Structure formats: C-alpha cells, structure tokens
Amino acid sequence: PEPITGNRALGISVGVVTKQLAQGDIKMPWMYLDYLSGDSKAKQSAALQIGLTWSPEFRYGIGLQTGLYYEMSYQSVNTSEEGVSIKSSLSDHTLSIPLRVQWRYEIVPDWSVFVYTGPSFDIGVGGKIKQSGEAWGEPIDTDGSIYDGGYKRFNMLWGVGAGVRWKFLQLRIGGDWGLLNINRMDEKVTLSKPLH
C-alpha cells in the first residue's frame with residue numbers, strides 16, 4: 001500500500017564509511033601506511049561522510065535514493081624499524097553520488113522501514129601523501145598526490161542496504177562493493193565500502 005505519511009525527500013546526511021582495498025584474496029585498509037610493520041591487523045579504514053540526500057518516491061513506496069556526499073579520510077603513522085624511520089600521512093577527499101532504487105514500507109504512521117540497491121559513483125577530488133624521515137642514512141622527503149601514478153580518480157560501486165525512519169529522522173546501514181579496477185598498474189585492485 002501507499003505509505004500514509006508524506007515523503008520527506010530532501011535531507012542532510014552525516015555518517016561514517018569504512019573503506020577497503022582488495023587485491024584478490026588480500027584485503028587491507030584504504031589508508032594503509034603502516035607497511036613497514038608487516039601485515040596490518042586492520043582490514044578497513046574509516047572516513048567521515050556528510051552530504052545532501054534526495055529520496056523522491058513515485059508510487060507504492062518505490063522511489064530513488066540519490067544525493068551528493070563528501071568523504072574525508074586521514075591517517076598518520078610513525079614507523080621505525082631496521083634503520084628506517086619515517087613519518088607518513090595520507091589524506092583523501094572524495095565526492096560520492098549514489099543512484100539507487102529504494103522501497104519504503106510504513107509499519108504504523110510515522111514509522112517506516114526501507115531497503116535499497118543500486119550503483120554509486122565516486123570521484124577522487126584530492127589525495128595527498130607526505131613522508132619525511134630517514135632510511136639507512138638517506139633523507140626521505142615526499143609530498144605528492146595519490147592519484148598521480150597509483151590510483152584512478154573514478155570508481156563505480158554496487159550497494160545494498162536497509163534502514164528505519166521515524167518522522168524526519170532515519171538510520172541507514174549498508175555497504176558498497178567496488179566494480180572497477182582503480183589501480184593504474186596491471187594488477188586488479190578494487191576499493192569497496194563494506195559498511196556505512
């Protein structure tokens with residue numbers, strides 16, 4: 001049936017997104033800087049996400065879920081091992097545009113549940129890596145973009161998720177999985193968001 005209460009299509013979204021690189025069976029955080037200490041126990045890194053969301057409904061609770069989101073990731077780490085002492089920091093700024101199909105069902109007036117699925121498109125607008133320190137007596141000083149030679153700026157993902165809505169507030173949980181190779185080299189590397 002058609003939801004009883006009116007659709008609130010426009011909103012502001014604030015949340016946390018986890019990001020994960022995958023190369024075959026190997027999974028690692030997107031912000032993976034602690035490479036000198038061996039295998040990282042962490043498999044994901046976190047990013048802050050804020051943005052505008054637009055969810056117009058057409059009929060029987062079926063509609064779109066889209067918007068424009070800004071995601072910011074940052075990590076800093078100091079490593080010192082076997083003659084190598086490096087201070088590294090990496091930051092990434094991304095715009096994300098989802099284009100998903102959503103279905104909402106109203107349980108009682110003002111209380112709804114919803115599910116969604118569809119693609120999402122990410123564009124890396126800025127990413128910096130800085131390293132300084134000393135390796136076996138030689139100084140290290142780098143300051144460059146993560147998109148210059150390593151990773152592609154454009155990523156396409158497929159997402160699924162669900163949520164609950166009460167009046168004008170909603171809580172959403174889901175994940176997006178990378179469909180494209182974002183590595184400029186030959187080996188396939190995907191970037192996913194297993195949880196948001």
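Q: Which residue in strand 9 stands opposite Ser112?
A: Two strands count as paired if DSSP finds at least two bridges between them. Strands themselves are DSSP runs of E, at least two residues in length, numbered from the N terminus. In this predicted model, Ser112 stands opposite Arg165 in strand 9. Strand 7 and strand 9, the latter made of residues 154–166, pair in the antiparallel sense over 13 bridges.

Q: How should I treat the numbering and the values?
A: Residues are numbered from 1 along each chain as its sequence is written, and side-chain values use heavy atoms, with hydrogens and water left out. As the model is predicted, local features need pLDDT of at least 70 and side-chain atom pairs count only at pLDDT 80 or more, while totals for chains, interfaces and linings use all residues.

Q: Over how many bridges do strand 6 and strand 7 pair?
A: Strand 6 (residues 84–108) and strand 7 (residues 111–135) form an antiparallel pair over 22 bridges.

Q: Which residue in strand 8 stands opposite Glu134?
A: Glu134 stands opposite Pro139. Strand 8 covers residues 138–145 and pairs with strand 7 in the antiparallel sense over eight bridges.

Q: How many helices and strands does the protein chain have?
A: Helices are DSSP runs of H or I with at least four residues. The protein chain has zero helices and 11 strands. Its C-alpha trace spans about 70 × 30 × 25 Å along the principal axes.

Q: Is Thr53 buried or exposed?
A: Buried means under 20% relative accessible area, exposed over 50%, and partly exposed in between, with a 1.4 Å probe and protein chains only. Thr53 is buried because its relative accessible area is 9%. Thr53 is found in strand 3, residues 45–54. Across the protein chain, buried residues make up 41% of the 196 residues.

Q: Which side chain does the side chain of Thr53 join in a polar contact of 3.2 Å?
A: A polar contact is a pair of N or O atoms within 3.5 Å; within protein, one must be able to donate a hydrogen and the other to accept it, and residues adjacent in sequence count only if both atoms are side-chain atoms. The side chain of Thr53 has such a contact with that of Tyr69, at 3.2 Å. A polar atom of the Thr53 side chain also lies 3.5 Å from the backbone oxygen of Thr66.

Q: Where does Ile182 lie?
A: Ile182 lies in the loop between strand 10 (169–178) and strand 11 (190–195). Ile182 is buried because its relative accessible area is 3%. Contact means heavy atoms within 4.5 Å. Leaving aside neighbours within four places in sequence, Ile182 is in contact with several residues, including Leu21, Trp30, Val189 and Leu191. Ile182 and Tyr151 are 31 residues apart in sequence, yet their C-alpha atoms are 5.5 Å apart in space.

Q: Which residues make up the largest nonpolar core?
A: A nonpolar core is a set of buried Ala, Val, Leu, Ile, Met, Phe, Trp, Tyr and Cys residues joined through side-chain atoms within 4.5 Å. The largest one here has nine residues: Leu21, Trp30, Met31, Leu90, Ile146, Tyr147, Ile182, Val189 and Leu191. Val189 touches Leu21 and Ile182, among others, not counting residues up to four places away in sequence.
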